[in-house]
Amino acid sequence: MSVITARGLTKTFVRNKETVEAVKGINVDVAEGELVAFLGPNGAGKSTTLRMVTSLLEPTAGTATVAGHDVAAEPALVRSRIGYIGQGNGGGHSYRVVDELHNQGRFYGLPRTEYRRRAADLVEALDLGGLGRRSVQSLSGGQRRRLDVALGLMNHPALLFLDEPSTGLDPQARANLWEHIGRMRRQLDMTIVLTTHYLEEADQMAERVVVIDHGSIVADAAPAVLKRDHAADVITLGVAGTPTEVRSALTQDLGEVTITDDEAGSSVVITTSSGATRLPEAIVRLRVAGLTPTSAELSTASLDDVFLNLTGRSLREEAA
Ligand SMILES: Nc1ncnc2c1ncn2[C@@H]1O[C@H](COP(=O)(O)OP(=O)(O)O)[C@@H](O)[C@H]1O
Ligand SMILES: [Mg+2]
């Protein structure tokens, strides 16, 4: 069952007579219960896509159905079924944490006893206990983002959209936030779509990654599948032995083997999809042939390699 279906979703902005094709005909389906991360560099079109599927921004072309409702025809019904937490919410204001949550509950028309109970539950679930009486502006970045998530969950949405929830947080706070998001997802049986420009985060935390670049989806799969299909592991070995000797020990069935001459003997580079098993195999073969490995290094495929192979650019460098 698809809870999100987008077809040919397009957004073109015209500003000062300049045309920006922010999103160029995106097709995407999200099944009930999935956690999907949109990964892409700044300006890729992640926020614009999210704003269109949440009915906040009218598409220039294309359609999207969310929770059974067309975003253009029934925006109010779409909004009643979803939670949306925009990029950099929780601005510096002086409301207390509990007031923010209660206000959100009132906004959704919940009865007083119900919104108070939900607020208390969310404060507990998102580790905001003890912070209820604090003002929002006094919270740390990680606490503020957890409050944002709590606000998005006050109406118990079936579908939650989070735009860069972890941006600006340190790696530990990021991992902690994901843990909370994952737990809330199981407790409330939610489908979650979020965006990030952190490669490692998408790799470690997301079950499915939609890679977006210049307004188009360039890949859509589990991180392991993306790496298998679009990147490779690289083994580098130093060997005491001539390239000719090494070549007869290490045949191409190990992967793509390149051997060059160097001062200590040979330098070997093996490109393979399974570096972790090929590396010991290569060492054993060298030893059997009476050759001594002098150094070994394994560089495993990353989502940055995937991005580089798909777009010709490094997302890591772009972020830096
Ligand atoms: N309201 C707007 N007016 C004009 N251009 C916009 C507007 N919103 C976004 N853009 C442009 O659209 C492109 C995609 O932006 P955005 O969706 O925010 O990317 P991301 O969230 O991936 O960083 C960028 O080039 C951005 O400058
Ligand atoms: Mg954005």
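Which residues are buried in helix H11 (residues 303-311)? The answer is given in point 7, after the overall picture of the chain.

1. Overall composition. The model under discussion is predicted. Its protein chain contains twelve helices and 14 strands. Along the principal axes, the C-alpha atoms fill a box of roughly 80 × 50 × 40 Å. Of the 320 residues in the protein chain, 42% are buried. Where contacts link residues at least 6 apart in sequence, 68% of them join residues at least 24 apart.

2. Surroundings of ligand 1. The shell around ligand 1 consists of Phe-13, Arg-15, Val-20, Ala-22, Gly-40, Asn-42, Gly-43, Ala-44, Gly-45, Lys-46, Ser-47 and Thr-48. Two or more of these residues are supplied by each of strand S1 (2-15), strand S2 (18-31) and helix H1 (46-53). The largest share, three residues, belongs to H1. Sorted by class, the shell around ligand 1 holds four nonpolar, six polar and two charged residues.

3. Packing of H3 and H4. Helix H3 (residues 97-107) packs on helix H4 (residues 112-125) at an angle of about 135 degrees, and the two axes lie 9 Å apart. H3 is therefore oblique to H4, and the crossing of the pair is right-handed. On the H3 side the contact involves Val-98, Leu-101, His-102, Gly-105 and Arg-106, while H4 contributes Tyr-115, Arg-116, Arg-118, Ala-119 and Leu-122. Five nonpolar, two polar and three charged residues make up this contact of H3 with H4. As a general point, an α-helix has 3.6 residues a turn, so residues three or four places apart point the same way. The spacing of the listed contact residues may be read with that in mind.

4. Packing of H5 and H6. Helix H5 (residues 141-153) and helix H6 (residues 171-188) have axes that come within 10 Å and cross at roughly 15 degrees. The two helices are therefore roughly parallel to each other. Their crossing is right-handed. From H5, the residues Gly-141, Gly-142, Arg-145, Arg-146, Val-149 and Leu-153 meet Ala-173, Asn-176, Leu-177, His-180, Ile-181, Met-184 and Leu-188 of H6. The contact of H5 with H6 divides into seven nonpolar, four polar and two charged residues.

5. Gly-141. This residue lies in helix H5 and is one of those that meet H6. Setting aside residues up to four places away in sequence, Gly-141 touches Gly-168, Leu-169 and Ala-173. Gly-141 and Gly-168 are 27 residues apart along the chain, yet their C-alpha atoms are separated by 7.5 Å.

6. Residues with positive phi. Most residues other than glycine have a negative phi. Asp-189, which is not a glycine, has a positive phi of about 60 degrees. Asp-189 sits in the loop between H6 and strand S8 (191-196), and it counts as exposed because 11 C-beta neighbours lie inside 10 Å. His-214, also not a glycine, has a positive phi of about 45 degrees. The loop that holds His-214 runs between strand S9 (208-213) and strand S10 (216-221). With 15 C-beta neighbours inside 10 Å, His-214 counts as partly exposed.

7. In answer to the opening question, the buried residues in helix H11 (residues 303-311) are Leu-303, Asp-305, Val-306 and Phe-307. Asp-305, a charged residue by class, is thus listed among the buried positions of H11. Gly-312 follows H11 and has a positive phi, near 80 degrees.

8. Ala-72. Ala-72 is placed in the loop between strand S5 (69-70) and helix H2 (75-81). Because Ala-72 has 15 C-beta neighbours inside 10 Å, it counts as partly exposed. Ala-72 and Glu-281 are 209 residues apart along the chain, and their C-alpha atoms are separated by 57 Å.

Note on methods. Residues are numbered from 1 along each chain as its sequence is written. Chains are lettered from A and ligands numbered from 1 in the order in which they are written. This is a predicted model: local features need pLDDT of at least 70, side-chain atom pairs count only at pLDDT 80 or more; totals for chains, interfaces and linings use all residues. A residue is near a molecule or strand if its C-beta atom, placed from the backbone, lies within 6 Å of it. Helices (H or I, at least four residues) and strands (E, at least two) are DSSP runs, numbered from the N terminus. Axes are lines fitted to C-alpha atoms, for helices over the stretch in contact, and angles run from 0 to 180 degrees between N-to-C directions. Angles under 35 degrees count as roughly parallel, over 145 as roughly antiparallel, 65 to 115 as roughly perpendicular and the rest as oblique. A crossing is left-handed if the near helix is turned anticlockwise from the far one by less than a right angle, and right-handed if clockwise. Two residues are in contact if their C-beta atoms, placed from the backbone, lie within 7 Å. A residue is buried if 20 or more other C-beta atoms lie within 10 Å of its own, exposed if 12 or fewer, and partly exposed in between; C-beta atoms are placed from the backbone.
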